[in-house]
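Hello,

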2 protein chains.
Amino acid sequence: MRGMASMANRGCGKLGAMNPAMNFCSACGAAVSLHIPAGDSRPRHVCLACGAIHYLNPRLVVGSLPEWDEKILLCRRAIEPAFGKWTLPAGFMENGEAVATAALRETAEEALARIELGAMFSLISVPHIDQVHVIYRARLLDLDFAAGAETLELRLFGEHEIPWDEIAFRTVYRTLRHYFADRRTGRFGFHEEVIGTPDTFQDEADKRLPGTWLLS
Amino acid sequence: MRGMASMANRGCGKLGAMNPAMNFCSACGAAVSLHIPAGDSRPRHVCLACGAIHYLNPRLVVGSLPEWDEKILLCRRAIEPAFGKWTLPAGFMENGEAVATAALRETAEEALARIELGAMFSLISVPHIDQVHVIYRARLLDLDFAAGAETLELRLFGEHEIPWDEIAFRTVYRTLRHYFADRRTGRFGFHEEVIGTPDTFQDEADKRLPGTWLLS
């Protein structure tokens, strides 16, 4: 569905970034309890009635950084979290997709944009919310983009027009910083990193981002 | 836990690579049914009693390619699937981890090995089983490795000793092929790709791998 817009309520629970509570077995409906399964080392939600083990694993949020000449396409969010803030088109990868396919789909949904996908550009772990965010470089094929259902407006920004204090998510902020730094060197790399606690934020604008290091 | 060993039963159901059946709401225990939630475009397992939406998303399998001089450390699997076949130390990323942290942990669990992690080397989507496999280059810090609980034995292989027809998983096979190809050029890249259906396999040895394109 529609990108980071949906980080609060997709691949997640209905109203927040958390999964629905794990009280009952999805297979048989009996109550589950926390046990360390044989051969495992962590407590898992186990159904003693039918033996099912319910694992919880991190999710991938995937999108693109669409270029047109020297400008970058950003989406202004029409929903919480970060209503009114600017983001790249992205959202939860779905079962049955490849990572690149998810980036194309999310860009089509958020920005109704046609792109040619380039190389994977950033991969950022966000362990405190059990997510990994992946952004590809991309080239807009035309200017016939339009706001999807979870987007207020779209705009192309040159480097000096980027609304740094109005970026919706820290992973997007860092990806854009890397992008313009790489562009100045003339060589685009692949950037893997981890977003930790606020004391690890990189610069003053990063620290000012309002409440966005917690996406939940 | 213990690497690809656990692909059959972790981040998954008890007995296979599938999730436990989705019949009941984990939050309230009521029966769930398939509906397309408002603002969504795909059917999801929805609880009409409490409103919870149960999303299913792809999982990350993460590991390392540990080097010692010109040799590579492989693990022979002590469990199904692919019992007795050779693999790199890897397994499901856990909640609360960064991707690199998961690679270190899996290498410690599978091979009881201490490594210095290098750059992310391969990222391979496996959409038919809803997984993304990520392998980092790594340097063994010493030779005090030993088989973990799901490993029969460990061995260092030179390029011409690699048991190509006895590799457990296609993602491992491709990662090793990329590694030796890059090593010959003297420059290691980052390899992102998709494993599709058997007609997309790359070479004869790839095609001969017994049943491993389906990890489930």
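Predicted model: local features only at pLDDT ≥ 70, side-chain atom pairs only at ≥ 80, totals over all residues.

**Where the two chains meet**

Let me start with the interface. Chain A brings 56 residues to the contact, and chain B brings 56 residues as well. Together the two chains bury about 4400 Å², with carbon and sulfur atoms giving 51% of that area. On the chain A side, the residues that lose the most area to chain B are A:Ser26, A:Tyr55 and A:Asn95, and together they make up 14% of what that side buries.

There are polar links too. Between chain A and chain B the count is 6 salt bridges, and 22 residue pairs are in polar contact across the interface. Several elements of chain A each supply at least two residues of the side that touches chain B, among them strand E4 (59–68), helix H1 (99–111) and strand E9 (131–140). H1(A) gives the largest share of that side, with 4 residues.

Side chains of opposite charge can pair when their charged atoms come close. One pair to look up is B:Arg44 and A:Glu94, whose side chains meet in a salt bridge at 2.6 Å, N to O. Why does this pair join two chains? B:Arg44 belongs to strand E2 of chain B, while A:Glu94 sits in the loop between strand E7 (90–92) and H1 of chain A, so the link runs from one chain to the other. Are B:Arg44 and A:Glu94 buried or exposed? Both of them are buried.

Strands of a sheet pair through backbone hydrogen bonds, either parallel or antiparallel. In chain B, an open sheet of 3 strands has the order E1-E2-E3, and its pairing is antiparallel. Its edge strands are E1 (32–35) and E3 (53–54), each of which pairs on one side only. E1(B) and E2(B), residues 44–47, run antiparallel and are joined by 4 bridges. To find your place there, look for B:Ser33, which stands opposite B:Val46 in E2(B).

**Helix H1 of chain B**

Next, please turn to helix H1 of chain B, residues 99–111. This helix has 13 residues and reaches 18 Å from its first C-alpha to its last, close to the 18 Å expected at 1.5 Å a residue. H1(B) is mostly covered, with 10 of its 13 residues buried. The buried ones include B:Val99, B:Ala103, B:Thr107 and B:Ala111. After the helix comes B:Leu112, which has a positive phi, near 45°.

B:Glu109 is buried, like B:Arg105. Salt bridges that share partners join these residues into one network, whose members include A:Asp40, A:Arg42, A:Arg44, B:Glu94, B:Glu97, B:Arg105 and B:Glu109. Over all chains, the structure holds 34 salt bridges.

Last, a stop in chain A. Helix H2, residues 170–185, has 16 residues and reaches 23 Å from its first C-alpha to its last, close to the 22 Å expected at 1.5 Å a residue. Among its buried residues are A:Arg170, A:Tyr173, A:Leu176 and A:Phe180. Just after H2(A), A:Gly186 takes a positive phi of about 80°.

A:His178 lies in this helix. Why does A:His178 count as buried? Its relative accessibility is 17%, and buried means under 20%. Leaving aside neighbours within four places in sequence, A:His178 is in contact with A:Phe121, A:His191 and A:Glu193.

E11(A) pairs with strand E8 (residues 115–126) of chain A in the parallel sense, over 4 bridges. In that pairing, A:Val194 is the bridge partner of A:Ser125.

Enjoy looking around!

Methods:
Residues numbered from 1 in each chain as written. Chains lettered and ligands numbered in written order. Heavy atoms only, no water. Expected span 1.5 Å × (residues − 1). Buried < 20%, exposed > 50% of the residue type's maximum accessible area, 1.4 Å probe, protein only. Pairing = 2+ DSSP bridges. Contact = heavy atoms within 4.5 Å. Buried area = accessible area lost by both parts, 1.4 Å probe. Salt bridge = Lys/Arg side-chain N within 4 Å of Asp/Glu carboxyl O. Polar contact = N/O pair within 3.5 Å; in protein donor to acceptor, adjacent residues only side chain to side chain.
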